[in-house]
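The structure comes first, then the questions.

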Amino acid sequence: MATSEEITSQRGSWVFIAPIKGLSLAEAVNYEFKIDRVTFVSAAKLPRVRKRLGFPYRISEFRKRFSSVATHFFDDAKTFATMRLTGKGNEQNEKFLNHVREALWILSLSQLGYSRRRINACPVLAEERSAGRLRYLMMNAKTQAWNQSNEVTGKIHDLLLDKHWLKFQDKGFFASLLNILNGKTKISGGWKKDIRNATLLAGQSQCSSDLPQSFLWNMISLETLLTTRGDTYSDRLPERVEAFLGWTTNWRIDDYERKVREIYKKRCGFVHAGKRETIQVEDVLFIDMLLLNIFLNVAKHPNLFRSKESLIAFSEKVQAERTLGIRPRVRPRTMTFWNPRYGTEDYKRI
């Protein structure tokens, strides 16, 4: 009987299947959703489409023939990720896992503007990362009163791709963003790479329960979208955010320019001096709002933003109009602004 090493060293057309935690697919998406080359499919639908996905066995037959390993594999997840790769198996398995992780981060970004961070989902490869429990005992040494805490930590909810999710994404940025990432909407190659990297970073941020980490991923995503090599970030970042949001009343009333400069200072303090304590939940939520509107307007105006250079030129023209005090003409009337509203609980944790 061939060993695991002998099998995985073979060349072939490999069908990979992995159970996913934190993601549910509803009828609205036909119990199936594709990101890049990764297809997510519900456990109930998998037996019906396994041949199309390249899996040679009936699921029931595979369970019988390899019951010692297969039973729980197919029973313990509501959703599976599938992909086909050609080559040596031991050279393709890590590619598969990386493709799935990135596809899940992209899907996670669909929660931006759709749900609250404190109840966000974190879809992952099953068992790779999971919610846990935080337990501790506290006792008043004088009165001997005590309390034991036993609370769930981490992201425990599922990202449900249902009719509500689908309707929101059609109105928002995610459907248009997928068209860019999948090559259906044509933009420059370098700009597409920047948008993809920004998407992955912002998606990871949406998944995270760690405040400084979420903040940093958000900031790098924002910088990836709006800045280029050679920029003085402290100046260019506020200017380019203003190009997208300076027309709104919130820009002036809520002093967004000052806030952008403040979060950039916090970013530098964290990166260069480890100042985690300065970062607040409201900082992350503010960057969420910025990213939401930049993704929304970039994805909805691909003809205007065909490259990073065209985005920079757009910002410079807006700045020129402001400097000269002339009537604004650069921003299209179709640009939009979404301002999520938060309650007290939203500012306690992410």
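**Labels and their cut-offs**

Confidence in the chain is lowest in helix 4 (residues 67–75), with a mean of 72, and highest in helix 13 (residues 281–300), at 98. That score is pLDDT, the predictor's confidence in each residue, from 0 to 100. This is a predicted model, so local features need pLDDT of at least 70 and side-chain atom pairs count only at pLDDT 80 or more, while totals for chains, interfaces and linings use all residues. Residues are numbered from 1 along each chain as its sequence is written, and side-chain values use heavy atoms, with hydrogens and water left out.

Q: What is the average pLDDT of the chain, and what share of residues score at least 70?
A: The chain averages 92, and 97% of its residues score at least 70.

Q: Why are helix 9 and helix 10 called roughly perpendicular?
A: Helix 9 (residues 211–226) and helix 10 (residues 233–245) pack at about 75°, with axes 10 Å apart. Axes are lines fitted to C-alpha atoms, for helices over the stretch in contact, and angles run from 0 to 180 degrees between N-to-C directions. Under 35 degrees counts as roughly parallel, over 145 as roughly antiparallel, 65 to 115 as roughly perpendicular and the rest as oblique. The pair is therefore roughly perpendicular.

Q: Which residues of helix 9 and helix 10 meet?
A: From helix 9 come Met219, Leu222, Glu223 and Leu226; they meet Tyr233, Leu237, Arg240, Val241 and Phe244 of helix 10. Contact means heavy atoms within 4.5 Å. The residues of this contact split into 7 nonpolar, no polar and 2 charged.

Q: How do you know that strand 1 and strand 6 pair?
A: Two strands pair if DSSP finds at least two bridges between them. Strand 1 and strand 6 run antiparallel and are joined by 2 bridges, so they meet that definition. Ile20 has Leu125 in strand 6 as its bridge partner.

Q: How many bridges join strand 1 to strand 5?
A: There are 10, again antiparallel, and Arg11 has Lys88 of strand 5 as its partner. Strand 4 (residues 38–42) also pairs with strand 5 (residues 79–88), over 4 bridges.

Q: How do you know that the backbone nitrogen of Arg306 makes a polar contact with the side chain of Ser310?
A: A polar contact is a pair of N or O atoms within 3.5 Å; within protein, one must be able to donate a hydrogen and the other to accept it, and residues adjacent in sequence count only if both atoms are side-chain atoms. The nitrogen of Arg306 lies 3.1 Å from a polar side-chain atom of Ser310. Ser310 sits in helix 14 (residues 308–324).

Key. Nonpolar A, V, L, I, M, F, W, Y, C, P; charged D, E, K, R; others polar.
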